[in-house]
Amino acid sequence: MKIARFHVGTGPTRLGLVDGDTITDISDVPGVGTSLRAILPVLDSLRDAILTAGGERHPLDAVVLEAPVDDPQKYLGIGMNYREHAEEARQAGIPIPTSQLWFNKQVSCIVGPRDDIHKPAVSDELDYEVELAVVIGRRCRHVAPADARSVIAGYLVANDVSVRDWLMKRSPTFTLGKSFDTHGPLGPWLTTDDEVADPLALRMRLTVNGEVRQDWTTDDMIYDIYEQIAYLTQVMTLMPGDVIATGTPSGIGAPTGRFLNVGDVVRAEIDGLGALENRVVAEP
Ligand code: MN
C-alpha cells in the first residue's frame with residue numbers, strides 16, 4: 001500500500017490510499033483516522049478494509065500532500081554511509097568514521113513533499129541529500145539484523161537538507177546544521193514494506209533545476225538498513241513512526257561549492273517510492 005497524509009483546500013488532514021494518479025480518502029474506515037503514525041502497529045490488520053475503502057477519490061494533483069509522518073518521536077540520520085560520499089566528506093575535513101555515525105534531526109524540521117525549503121538567513125551553504133528513509137512499525141529494542149526487516153513499516157524518500165557551515169564549524173556537533181526548520185522534507189507517501197522487493201536495490205537520484213546531481217543505488221551502503229536498526233536498538237527503543245534517514249550517496253554540493261540558492265527546485269526521487277519536489281525560498 002501507498003498511504004499519504006493530505007488535505008484539500010483549507011480542509012483538515014486526511015489519510016489516503018494512493019493508486020496511480022488518484023488518492024482515495026480512507027480516514028473514515030473504522031480504526032484509521034487521521035494519524036498514520038498511530039495506525040502503523042495495526043496496519044496489517046486494517047489492510048483489507050483500507051484496500052476496499054469507499055471514500056472520496058481525488059486526482060493526486062488536486063490535493064496537498066503532507067509529510068506522511070510529521071510527528072515522530074525520533075528522526076535519526078546516519079552520516080557518511082555511502083563509500084564515495086564518505087570520501088567526499090573526508091576531503092571536506094570530516095574524518096571517515098570507524099563505526100556508525102548517528103545524529104538527530106529535530107522533528108520540527110519535517111515538512112511535506114512539495115513544501116518550500118528555507119535558505120537560512122545565517123548561511124550560504126545550503127545543501128541537499130537524497131536518502132532512503134525507513135519508518136519503524138512497532139516498538140522494538142535489541143533487534144538482530146536478521147530480524148530487522150520485521151520492524152519496518154515502510155519507506156519514504158527523504159531530503160536530509162544540511163547547512164554545511166553549521167555542521168561542525170559553527171556548532172561542534174551535527175545537531176544544529178541538520179535541524180533548521182523546513183530541512184526535513186519527507187514523502188511523498190509511505191510505501192509499505194511488502195511493496196518493496198529489496199530496499200537495498202533501489203535507484204535514487206536528485207536533481208537541481210533538472211540537472212542530475214546524485215544518481216546511485218541503495219546497494220552501496222556501508223552499513224545496510226538492518227545493521228542500522230540493530231545498532232540503534234542496542235541503545236534505544238525505537239517507536240512506531242520513528243524515521244531513520246539511511247545515508248546519502250555522493251554528489252552533494254559541498255565539494256564543488258554548488259550550494260542551493262533561492263528559486264532552485266530540488267527533486268529527490270527513489271524508484272518505486274515517488275519523488276519530493278521542493279522549492280528553495282528565503283527564510284521569512
Ligand atoms: Mn544525510
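Is Arg14 buried, partly exposed or exposed? Let's start there, everyone. Arg14 counts as partly exposed, because its relative accessibility is 21%, and the cut-off for buried is under 20%. Please keep in mind that what you see on the screen is a predicted model.

Arg14 has a partner. It forms a salt bridge with Asp25, and the closest N and O atoms are 2.9 Å apart. Arg14 sits in strand S2, residues 14-19, and Asp25 in strand S3, residues 22-25, so the pair ties together parts that are 11 residues apart in sequence. Asp25 counts as buried, because its relative accessibility is 11%.

Now let me zoom out to the domains. The chain is divided into domain 1, residues 2-66, and domain 2, residues 75-282. Taken over C-alpha atoms, their centres are separated by 25 Å. Domain 1 puts 13 residues into the contact, and domain 2 puts in 17 residues. Between them the two domains bury about 1,200 Å², with 63% of that on carbon and sulfur atoms. On the domain 1 side, Lys2, Leu40 and Leu65 supply 49% of the area buried against domain 2, which is more than any other three residues.

What about polar links over that interface? The rule finds two salt bridges across it. Arg47 pairs with Asp194 in a salt bridge, with the closest N and O atoms 3.2 Å apart. The count of residue pairs in polar contact between the domains is four. Strand S1 (2-7), helix H1 (36-39), helix H2 (43-51) and strand S5 (64-66) are the elements that each give two or more residues to the domain 1 side. S1 gives the most, with three residues.

Helix H1 comes up again in the next pair. The side chains of Asp71 and Arg37 meet in a salt bridge at 3.2 Å, N to O. Asp71 is in the loop between S5 and strand S6 (75-79), while Arg37 is in helix H1, and the two are 34 residues apart. Both ends are partly exposed: Asp71 has a relative accessible area of 33%, and Arg37 has 29%.

Here is another pair to find in the viewer. Arg83 forms a salt bridge with Asp220, the closest N and O atoms being 3.3 Å apart. Arg83 lies in helix H3, residues 83-91, and Asp220 in the loop between strand S16 (211-217) and helix H4 (225-232), so this pair ties together parts 137 residues apart in sequence. Arg83 is partly exposed at 47% relative accessibility, whereas Asp220 is buried at 16%. By this rule the salt bridges come to 27.

Glu129 counts as buried at 4% relative accessibility, and so does Glu131 at 1%.

One last stop: Asp165, in the loop between strand S13 (162-163) and strand S14 (184-192). Asp165 is buried, at 12% relative accessibility. Its side chain makes a polar contact with the side chain of Ser123, at 2.7 Å. Leaving out residues up to four places away in sequence, Asp165 touches Val122, Ser123, Glu125 and Arg170.

Methods: Residues are numbered from 1 along each chain as its sequence is written. This is a predicted model: local features need pLDDT of at least 70, side-chain atom pairs count only at pLDDT 80 or more; totals for chains, interfaces and linings use all residues. Side-chain values use heavy atoms; hydrogens and water are left out. Buried means under 20% relative accessible area, exposed over 50%, partly exposed in between (1.4 Å probe, protein chains only). Domain bounds come from an automatic or database domain assignment. Contact means heavy atoms within 4.5 Å. Buried area is the accessible area (1.4 Å probe) that two parts lose on being put together, summed over both. A salt bridge is a side-chain nitrogen of Lys or Arg within 4 Å of a carboxyl oxygen of Asp or Glu. A polar contact is a pair of N or O atoms within 3.5 Å; within protein, one must be able to donate a hydrogen and the other to accept it, and residues adjacent in sequence count only if both atoms are side-chain atoms. Helices (H or I, at least four residues) and strands (E, at least two) are DSSP runs, numbered from the N terminus.
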